[in-house]
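Trainee: Could we go through this structure together, slowly? I am still new to reading these.
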Amino acid sequence: MADREPLDAARAHLRVPPKALKDYPLTLRPFFWNQKRKYGAVLDGALLWGRSPWVFRMLALLYGAFDRRRSPVDPAMRSLLTVRVSQLNGCAFCIDLNTATLLKRGVSEEKAFELADWRTSPMFDARERLVLELAERMTRDPQTVDDDLIADLGQHYDHDGIVELAGLIAFQNMSAKFNTALGVPPKGFCRVPLPTTAAAADDGPVRAPSLPSEAAGE
C-alpha cells in the first residue's frame, strides 16, 4: 500500500525527509485524503508541515479562513497576489500550484504570464495594481508600505478587507519561504512563469523573473 512505502527517489530532493503516511497522526489523514483527491497525491509541503501536527492543523485552519467563500477578497485576487508573492520569493512549487489555482478561477493564461510585468501590462486594472503593489512592498526587506498606499486601497476595500489582504500576503510569504528553504520542487500542475531571481535588493525595484516556454513535468 502507498502509505507503507519508504521515501522514494522522487522525494530525495527534500532537505528534510517526510515520514511514511502510516506514521502521521490519524487526525491528519482526512487532510491527506483530500489532497490525494484534489491533486492526485499528498503534497510534499503537507508532509513536511505534518511533522508538527499541532502547527499543521492550525496552519490548515488559517488557510481555510483566508480562502473562505465570504472573504472580502475575491478568489481571483487572492490567487493573483499569492502567485506574485511566490514569484518574488523564488518558490517554484508555490508558483506552480498557485498558478494552477489562478487559472481555475477564471484568469487567462495570458494574464498569468503577464503577472511579473503587472506595472506595464494593460491587463491589470487599478484595484489589482494596488493589491499587487501592497504584495510587493510587504515582500521587500525592509517593507515600504506607507499611509498613502493604505489610503488608496481604502478606495476599494474596507478596513476588514485590507487586514485580510495583508494577512494573506504575510501567509504566502511564510509558505513560500518554508517550501523554498526545505527544497520543495514544482509538480507540473500547469505552465508556469518560473522565477530566475528572488526579491530585489533593499534599495532597488523588484525585478521581474523571466518566463519559460513550457512547464517542467513531474
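Trainee: Which residue forms a salt bridge with Glu133?

Mentor: Arg119 does, and the closest N and O atoms of the two are 2.9 Å apart. A salt bridge here is a side-chain nitrogen of Lys or Arg within 4 Å of a carboxyl oxygen of Asp or Glu. Before we go on, please keep in mind that this is a predicted model, in which local features need pLDDT of at least 70 and side-chain atom pairs count only at pLDDT 80 or more, while totals for chains, interfaces and linings use all residues. Residues are numbered from 1 along each chain as its sequence is written, and side-chain values use heavy atoms, with hydrogens and water left out.

Trainee: OK, and where do Arg119 and Glu133 sit in the chain?

Mentor: Arg119 is in the loop between helix H6 (109-114) and H7, whereas Glu133 is in helix H7, 14 residues apart from it. Helices (H or I, at least four residues) and strands (E, at least two) are DSSP runs, numbered from the N terminus.

Trainee: Is Glu133 buried or exposed?

Mentor: Glu133 counts as buried, at 14% relative accessibility, while Arg119 is partly exposed, with a relative accessible area of 39%. Buried means under 20% relative accessible area, exposed means over 50%, and partly exposed is in between, using a 1.4 Å probe and protein chains only.

Trainee: Which residues are linked with those two in a network of salt bridges?

Mentor: The network links Arg84, Arg119, Glu133, Glu136, Arg137 and Asp146. By the rule I gave you, the count comes to 11 salt bridges. Another one joins the side chains of Asp74 and Arg127, at 3.1 Å from N to O, and this pair links distant parts of the chain, since Asp74 is in the loop between H3 and H4 and Arg127 is in helix H7, 53 residues apart. Asp74 is partly exposed at 27% relative accessibility, and Arg127 is partly exposed too, at 26%.

Trainee: Let me zoom out. How many helices and strands are there in the protein?

Mentor: The protein has 9 helices and 0 strands, and buried residues make up 44% of its 218 residues.

Trainee: Changing topic, how is the aromatic pair of Tyr24 and Phe32 arranged, and what is the angle between the planes?

Mentor: That pair is edge-to-face, with 5.2 Å from centre to centre and 85 degrees between the planes. Rings of Phe, Tyr and Trp (its six-membered ring) pair if their centres lie within 6.5 Å, and planes under 30 degrees apart count as stacked, over 60 as edge-to-face and the rest as tilted. Tyr24 is buried, with a relative accessible area of 3%, and Phe32 is buried with a relative accessible area of 3% as well.

Trainee: And why does the pair of Phe31 and Phe56 count as edge-to-face?

Mentor: The ring centres of Phe31 and Phe56 are 4.9 Å apart and the planes are at 90 degrees, so the pair is edge-to-face. Phe31 lies in helix H1 (residues 29-39) and Phe56 in helix H3, so their pairing ties together parts that are 25 residues apart in sequence. Phe31 is partly exposed, with a relative accessible area of 31%, whereas Phe56 counts as buried at 4%. Together, Tyr24, Phe31, Phe32 and Phe56 form one aromatic cluster.

Trainee: What about cysteines, which ones does a disulfide join?

Mentor: A disulfide joins Cys91 to Cys94, with 2.5 Å from S to S, and a search of the whole structure finds 1 disulfide. The definition used is a pair of cysteine sulfur atoms within 2.5 Å.

Trainee: Why is the disulfide called right-handed?

Mentor: The torsion about the S-S bond of Cys91 and Cys94 is about 60 degrees, so the disulfide is right-handed. Cys91 counts as buried at 1% relative accessibility, and Cys94 is buried with a relative accessible area of 3%.

Trainee: Last one, which peptide bond is cis?

Mentor: The bond from Asp141 to Pro142 is cis, with omega near 0 degrees, and Pro142 is found in the loop between helix H7 (126-139) and helix H8 (147-153). As background, most peptide bonds are trans.
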